[in-house]
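Dear colleague,

I am handing over the structure that we discussed, and my notes on what was found in it follow directly below. Please read them with the coordinates open.

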Amino acid sequence: MTVRELVEKLGLHVFSDQSGLENEIKSGYTSDLLSDVMGHSNQGAVWITLQTHKNIMAIASLKDHAAIILVKGLKPDDDTLATSNEEKIPILGTDLQTFEITGKVYQLINKQ
Amino acid sequence: MPVFSADLHIHTVLSPCGDLDMSPVNIVKRAKELQLDIIGITDHNSTRHCPLIQQLAAKEGIFVLCGAEVTTLEEAHCLCFMPDLERLDKLQSYLDLYLMDFMNDVNKFGYQVQVDEEETIVYEEPKLLIQSINRNINQVEEFTHSLGGLFIPAHINRPAFSLISQLGFIPDDLNYDALEIYRMTDENFCNTYNYRKDTTLIRNSDAHQLNRIGAERNFFNIEELNFQEIKLALLKQQGRFVK
């Protein structure tokens, strides 16, 4: 499944520009401890978090994530968003809380 | 140059996790026994015990670095110190304004009390002090520096509530005056993370009990005991330094 398909199926907000929407999603990871995400998430993951600091982009880039989803209506910091566009790793948003959006993403990924 | 012994991260009874005997009088007495010259008073998100401790410590020739251990929105703990009581008040107002509204449950988290010289309770903090404030790490850094304060991320490589646990690594644009490394770690830590290589690394006790005060110490090579000299030493300026 591509990031674009995920966005359409779950009605996610796209904060970044359009680059990166064709990234292929292979798995998901939910955590707000960046040290944990760095250690345990996989390449191609869609990462669900409430952290908005610029460091999330560095970690998503390091781990070659497909996209990041911010929960509860949170918005990325300006410099976080700028890096997202540069790295072509989209930042998406939802008003849902972490538990709910994780459940929905899990179901979609497991149907594949 | 004279050398002064310092433990810059000490909690009082005001922190819910601080022992009940961590009163201003007891802390100063203990610091004197241990021959500490400088103590940093850093309760979670509160500065309320600093003025009394400073007053008591002055009689013993001990310098008090007044501040708080601020929990940023990312839940990274950062030591913020102010140059004088006027600006400490401004830090307190900032903390009062931005501390989240979750109330303390004494049975779960412990007492959050301020006491006077006779150990009589003069104030009880209703909001839980160990939650975060609604300001991110960059905002806290900018605010602290706008008042001429010192900004030192705490126990940065601790597995919880640290800059590195919460944000994965040290942001390259973060303007810190020093870094506090976790007391359990050795110097090899320094090779595994990227930080400005001229940075002063300090280790402190993070004492919540009287018998922990001074368990870690830093030695300030400064001309005299004041905020400005301490700042110069942390920044390695004008021949001042910390060992």
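Buried here means under 20% relative accessible area, exposed means over 50%, and partly exposed lies in between, with a 1.4 Å probe and protein chains only. Helices (H or I, at least four residues) and strands (E, at least two) are DSSP runs, numbered from the N terminus.

The model is a predicted one, in which local features need pLDDT of at least 70 and side-chain atom pairs count only at pLDDT 80 or more, while totals for chains, interfaces and linings use all residues. Residues are numbered from 1 along each chain as its sequence is written, chains are lettered from A and ligands numbered from 1 in the order in which they are written, and side-chain values use heavy atoms, with hydrogens and water left out.

Strand S3 of chain B pairs in the parallel sense with strand S2 (residues 38–44) of chain B over seven bridges, and B:Thr42 stands opposite B:Gly67; two strands count as paired if DSSP finds at least two bridges between them. Both belong to an open, mixed sheet of seven strands in chain B, in the order S7-S4-S3-S2-S1-S10-S11. Its edge strands, each of which pairs on one side only, are S7 (150–153) and S11 (241–242). At the S11 end, strand S10 (residues 218–221) of chain B runs antiparallel to S11 and is joined to it by two bridges, with B:Val242 as the bridge partner of B:Phe220.

Next come the aromatic side chains. Over all chains the structure holds two aromatic pairs, where rings of Phe, Tyr and Trp (its six-membered ring) pair if their centres lie within 6.5 Å, and planes under 30 degrees apart count as stacked, over 60 as edge-to-face and the rest as tilted. The rings of B:Tyr94 and B:Tyr98 have their centres 5.1 Å apart and their planes at 70°, so this pair is edge-to-face. These two tyrosines both lie in helix H3 (residues 85–98) of chain B, four residues apart, which is about one turn of the helix. The rings of B:Tyr94 and B:Phe143, by contrast, have centres 3.7 Å apart and planes at 5°, so that pair is stacked. B:Tyr94 is buried at a relative accessible area of 10%, and B:Phe143 counts as buried at 19%. Together, B:Tyr94, B:Tyr98 and B:Phe143 form one aromatic cluster.

Charges over rings were also found in chain B. The charged end of B:Arg196 sits over the ring of B:Tyr176, 4.1 Å from its centre, and B:Lys197 lies over the face of B:Tyr195, at 4.1 Å from the ring centre; the criterion is that NZ of Lys or CZ of Arg is within 6 Å of the ring centre and within 35 degrees of the ring normal.

Turning to chain A, there are five helices and five strands, which follow the pattern α-β-β-α-β-α-β-α-β-α along the sequence. Of its 112 residues, 47% count as buried. The five strands form an open sheet in the order S1-S5-S4-S3-S2, with mixed pairing, and its edge strands are S1 (13–14) and S2 (27–30). Within this sheet, strand S3 (residues 45–49) and strand S4 (residues 67–70) of chain A pair in the parallel sense over four bridges, and A:Trp47 stands opposite A:Ile68.

In helix H3 (residues 55–62) of chain A, the residues A:Asn55, A:Ile56, A:Met57, A:Ile59 and A:Ala60 are buried. The buried residues of this helix pack against helix H2 (34–40), S3, S4, helix H4 (78–87) and strand S5 (91–93) of chain A, together with helix H6 (163–167) of chain B, contact meaning heavy atoms within 4.5 Å. After helix H3 of chain A comes A:Asp64, whose phi is positive, near 55°.
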